[in-house]
Amino acid sequence: MSGEFRQYLGQRIKATGAITVAEYMKECLTNPMYGYYTRKNPIGRQGDFITSPEVCQIFGELLTLWCINEWAIAGAPTAFQIIELGPGSGILASDILRIASSFAQVRNHFTLHLVERSPALAGVQAQRLGIVNVERKSEDAVPYQHGVSQYGVPVSWYLRIQDIPKAPAFIVANEFFDALPIHKFQKTENGFREVMVDLNRENGQLMFALAPQSTPATRLIPSPCKHRDHLEFSLESAVILDDIADRVADCGGGALIIDYGHEGTKGDTFRGFREHRVVDALDSPGGTDLTADVDFSILKALLKPKAVTFGPILQYEFLANMAFERRFDALMRACRSDSERQRLESACDVLINPAKMGGQFFAFAVVGKSRSSLGQLSGFTAIKTEGQ
C-alpha cells in the first residue's frame with residue numbers, strides 16, 4: 001500500500017510541483033484510500049503509539065474532574081457540553097462518561113461531543129462507549145454519527161469543532177494538536193522560505209526542498225515569531241484555536257490541552273512514528289504517523305486577543321495539582337493482589353515520572369477573560385499568565 005501511495009504522491013508532484021509539508025501531512029494522515037488514520041487504529045500497544053489514557057485510568061478521571069471542577073466554579077450552568085478533540089480509541093471518552101455520570105448533579109446536565117475525522121475510529125469509539133443503536137449519516141451531515149451511551153448520555157460525532165452548536169463547553173484535547181498539518185519555514189538571506197516536499201528526479205525518492213519564492217503561508221507567520229531561524233506553524237491549529245477562544249469567551253467553559261511541545265525553543269520537530277519508534281517522516285507515507293511538537297508560544301500569541309491561557313506546565317505537575325496521589329492511594333487499597341498493585345504502580349510511574357510521560361507532555365488551559373475573577377484555575381498554579 002505504501003508503494004502505491006508513494007507513486008501517487010510522486011505523480012502529483014511531477015504534475016503540479018512540490019507540495020507543502022502541511023499538504024503532505026494531510027494526504028498521509030487522512031487520504032480516504034491511503035491515509036494513516038483512515039485505514040487503521042494506530043493507538044495502543046499493538047499500534048504505533050500509546051497515549052496517556054491507555055496507560056492508566058487515573059489520567060482520564062482527573063481530566064474529567066478538571067471539567068467538573070471548572071463547571072462548578074462557573075456556577076454549574078444547567079446544561080453544558082464536554083467536547084473531545086481527536087478521541088482516538090475512545091478510552092478517554094469512556095472515562096469521561098464513567099466519571100461525569102457518577103455525579104448525580106452532573107449526570108443529566110451534559111452531552112458529549114467528539115470531533116473525529118476517521119469513520120473507522122468513530123465506529124471503534126461508539127463500541128467502546130457502549131452505544132447499541134448508532135445512528136450513522138453521510139459524512140457531510142452534522143452530526144454525522146449519534147447515539148446514547150450506556151450511561152444515558154447523548155453522544156454526537158463531528159468532522160470539525162466549528163460544526164458543534166455553541167453552548168457552555170469544556171474542551172479536552174489530548175495529543176491532538178501535534179497531529180495537525182504544519183507549515184515549515186527556514187530563514188534565508190531573502191527572508192523566510194517555506195520547506196516543501198519535492199521529488200528527487202534522480203532516484204524518485206521524496207525529499208525536502210526550499211521554495212524559491214515566498215509562498216502564501218509565509219505571509220501568515222505570526223509577528224512574534226519572525227525573529228526565528230526555523231519555524232513550524234499550523235494554520236489548521238489557528239482556525240481551531242480561534243473557535244475555542246470564541247466559545248469560552250461567548251459561552252463560558254474552558255479548554256484543556258495535553259501535548260508534547262515547547263515555547264519557541266525548537267525549530268525542526270517534524271518526524272514520523274512507527275511501532276513506537278521515531279522514523280523519517282518521508283519514509284513509508286501513509287504507513288507512518290506524522291507529528292510535530294506543539295509550539296505553545298504560538299498558541300499563546302493566537303489566543304491572547306480573546307482568551308486567557310494558563311501554562312504550559314509539565315504533565316506530572318498538573319496531575320499532582322489535581323490530587324493524583326489521593327486517587328492512586330485509593331486504587332492501591334482496592335487492589336486484590338500484589339500483581340495488581342505492581343501493574344498500577346508501573347502504569348502510574350509512566351504517567352508522572354519526569355523522565356517518562358510526566359516530563360515529556362505539558363498541560364495548557366484556555367478560558368474566557370471573565371474566568372479570571374473566579375480564582376485559581378483547577379490544576380494550575382496562581383502564576384499570572386498571558387492575557388490577564
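## Cis peptide bonds

Pro312 sits in strand 18 (residues 307-314). Its peptide bond from Gly311 is cis, with omega near 10°. A cis bond also joins Val142 to Pro143, where omega is about -10°. Pro143 belongs to the loop between strand 4 (135-136) and strand 5 (145-148). Strands (E, at least two residues) and helices (H or I, at least four) are DSSP runs, numbered from the N terminus.

This is a predicted model: local features need pLDDT of at least 70, side-chain atom pairs count only at pLDDT 80 or more, and totals for chains, interfaces and linings use all residues. Residues are numbered from 1 along each chain as its sequence is written, and side-chain values use heavy atoms, with hydrogens and water left out.

Ala76 has phi near 50°, a positive value in a residue other than glycine. Ala76 lies in the loop between helix 5 and strand 2 (80-85). With a relative accessible area of 30%, Ala76 is partly exposed. Buried means under 20% relative accessible area, exposed means over 50%, and partly exposed is in between (1.4 Å probe, protein chains only).

Glu175 is not a glycine either, yet its phi is positive at about 50°. The loop between strand 7 (169-174) and strand 8 (183-188) holds Glu175. Glu175 is buried, at 16% relative accessible area.

## Helix 5 against helix 6

Helix 5 (residues 57-73) packs on helix 6 (residues 91-101) at an angle of about 55°, with the axes 8 Å apart. Axes are lines fitted to C-alpha atoms, for helices over the stretch in contact, and angles run from 0 to 180 degrees between N-to-C directions. The two helices are therefore oblique to each other. Angles under 35 degrees count as roughly parallel, over 145 as roughly antiparallel, 65 to 115 as roughly perpendicular and the rest as oblique. The crossing is right-handed: the near helix is turned clockwise from the far one by less than a right angle.

Helix 5 brings Gln57, Gly60, Glu61, Leu63, Thr64, Leu65 and Ile68 to the contact, and helix 6 brings Leu92, Asp95, Ile96, Arg98, Ile99 and Ala100. Contact means heavy atoms within 4.5 Å. These residues divide into seven nonpolar, three polar and three charged. Ala, Val, Leu, Ile, Met, Phe, Trp, Tyr, Cys and Pro count as nonpolar, Asp, Glu, Lys and Arg as charged, and the others, Gly among them, as polar.

## Helix 9 against helix 10

Helix 9 (residues 235-250) and helix 10 (residues 296-303) pack at about 50°, with axes 10 Å apart. That makes helix 9 oblique to helix 10. This crossing is right-handed. Ala238, Leu241 and Ala245 of helix 9 meet Leu299, Leu302 and Leu303 of helix 10. The contact has six nonpolar residues, no polar and no charged.

## Cores and buried sites

The largest nonpolar core has 57 residues. A core is a set of buried Ala, Val, Leu, Ile, Met, Phe, Trp, Tyr and Cys residues joined through side-chain atoms within 4.5 Å. Trp66, Leu112, Leu129, Trp157, Phe318 and Phe380 have the most contacts inside this largest core. Helix 5 gives the most to it, with eight residues. A second, separate core of 27 residues includes Ile164, Ile244, Phe364 and Val366.

Ser378 lies in the segment after strand 19 (362-368). At 11% relative accessibility, Ser378 counts as buried. Beyond neighbours within four places in sequence, its contacts are Trp66, Asn69, Glu70, Ile73, Phe318, Met322 and Arg371. Helix 2 (residues 21-30) is mostly covered, with seven of its ten residues buried.
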